[in-house]
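Subject: Structure for you to look at

Hello,

Here is the structure I said I would pass on. Please open it first, then read the notes below it.

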Amino acid sequence: MKFVIVTGLSGAGKTATLKMFEDFGYFCVDNLPIELVEKFAELSINHPRTENVALGLDARSGDDLDKMDVILAHLKELGIDYKIVFLDSSNEILIKRYKETRRRHPLSEDGRIHEGIQKEREQLQFLRQHADYIFDTSHLLIRDLRKDLQNVFVENKQFGNMMVNIVSFGYKYGIPADADLVFDVRFLPNPYYVEELKKKTGNDREVRDYVMGDPESEVFLNKLEDMITFLLPKYCAEGKNQLVIAIGCTGGKHRSVTIAKLLYDYLSEEEIGGFGYHLGHKDIEKGKTR
């Protein structure tokens, strides 16, 4: 039996995640009182409808969350190899989501969203520390989260517990604010000055062939792949659960898109470290580029 505890911050995607588990064929229960978790687990062991179970827990359980350490120990004694999935997100994104939906945070008694978020982080800290998988949904699309969950809980693939976002950008529009690593590829051949390539992007084969036609482009890509492969497990070992690799050219349409896509293809196809990989192009649709 697979027994998954889905938890995390309000607004980070717990409800959507439980719906995904339901689609995967899991028997899902949300917001079960803490004192019933152990009994529910015992009943699930031999019940024909609960071969795979996903249980949602959050800060609405309040002070009862303090009992989880004892309950988790009992689950181990019962032989239940549970996994904890923790949904996280930045405070800025959570506040934005609450304002857009005009919902009230469950722990913000005076209506101050940020205070409710901080209180919730404190209450859920124990579960986050014991989480087997942490998904930061700050910039994670629903389809990407679904893909990662399916890889782990349906296809039983390895997951390195870190989300790696590779994003192309244009320097004329500014470096992404959340970038951890930034690489400047403005030294590579620029398709902008080739009339038949000017209006195309790095997603087009002709542009990629032009950029990578220079021997130095291949050398750079190989060195970049080697360095990133070396760095990723180091960042993961330091407890980082999200890494943003930003690759920039002048306008974010040709060279940066080419290198970002090729780096993504290499890391994801080789399944380096078992990490989750996602590709984005911040400025590909913006105006005319150089």
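Helix H1 (14-23), helix H4 (91-101) and helix H6 (142-153) each give at least two residues to the lining of the largest pocket. Keep in mind that this is a predicted model.

The largest pocket

The space in this pocket comes to about 510 Å³. Its lining has 24 residues, and those closest to the centre are Ser-10, Gly-11, Ala-12, Gly-13 and Lys-14. Which helix supplies the largest share of the lining? That is H4, with four residues. Sorted by class, the lining of the largest pocket holds nine nonpolar, nine polar and six charged residues.

The second largest pocket

This one has about 380 Å³ of space. Of its 19 lining residues, His-139, Asn-165, His-278, Leu-279 and Gly-280 lie closest to the centre. H6, strand S6 (163-170) and strand S9 (276-281) are the elements that give two or more residues to this lining. S9 has the largest share, at five residues. By class, the lining of the second largest pocket splits into nine nonpolar, five polar and five charged residues.

The surface

There is also a nonpolar patch on the surface, formed by Met-1, Ile-45 and Leu-78, with about 240 Å² of accessible area together. Leu-78 sits in the loop between helix H3 (68-77) and strand S4 (82-88). Leu-78 counts as partly exposed because its relative accessibility is 35%, and partly exposed covers the range between under 20% (buried) and over 50% (exposed).

Regards

Notes: Residues are numbered from 1 along each chain as its sequence is written. This is a predicted model: local features need pLDDT of at least 70, side-chain atom pairs count only at pLDDT 80 or more; totals for chains, interfaces and linings use all residues. Side-chain values use heavy atoms; hydrogens and water are left out. Patches are made of residues with over 30% relative accessible area and no salt bridge: like charges are joined within 9 Å, nonpolar side chains (Val, Leu, Ile, Met, Phe, Trp, Tyr) within 5 Å. Accessible areas come from the Shrake-Rupley method with a 1.4 Å probe; for residues, only the protein chains shown count as cover. A salt bridge is a side-chain nitrogen of Lys or Arg within 4 Å of a carboxyl oxygen of Asp or Glu. Buried means under 20% relative accessible area, exposed over 50%, partly exposed in between (1.4 Å probe, protein chains only). On a 1 Å grid over the protein atoms alone, a cavity is a set of points where a 1.4 Å probe fits but cannot get out, and a pocket is an open set with protein on both sides within 12 Å along at least five of seven lines; lining residues have an atom within 4 Å of a point. Grid points are joined across faces, edges and corners, and a volume is the space filled by probe spheres set on the points. Ala, Val, Leu, Ile, Met, Phe, Trp, Tyr, Cys and Pro count as nonpolar, Asp, Glu, Lys and Arg as charged, and the others, Gly among them, as polar.
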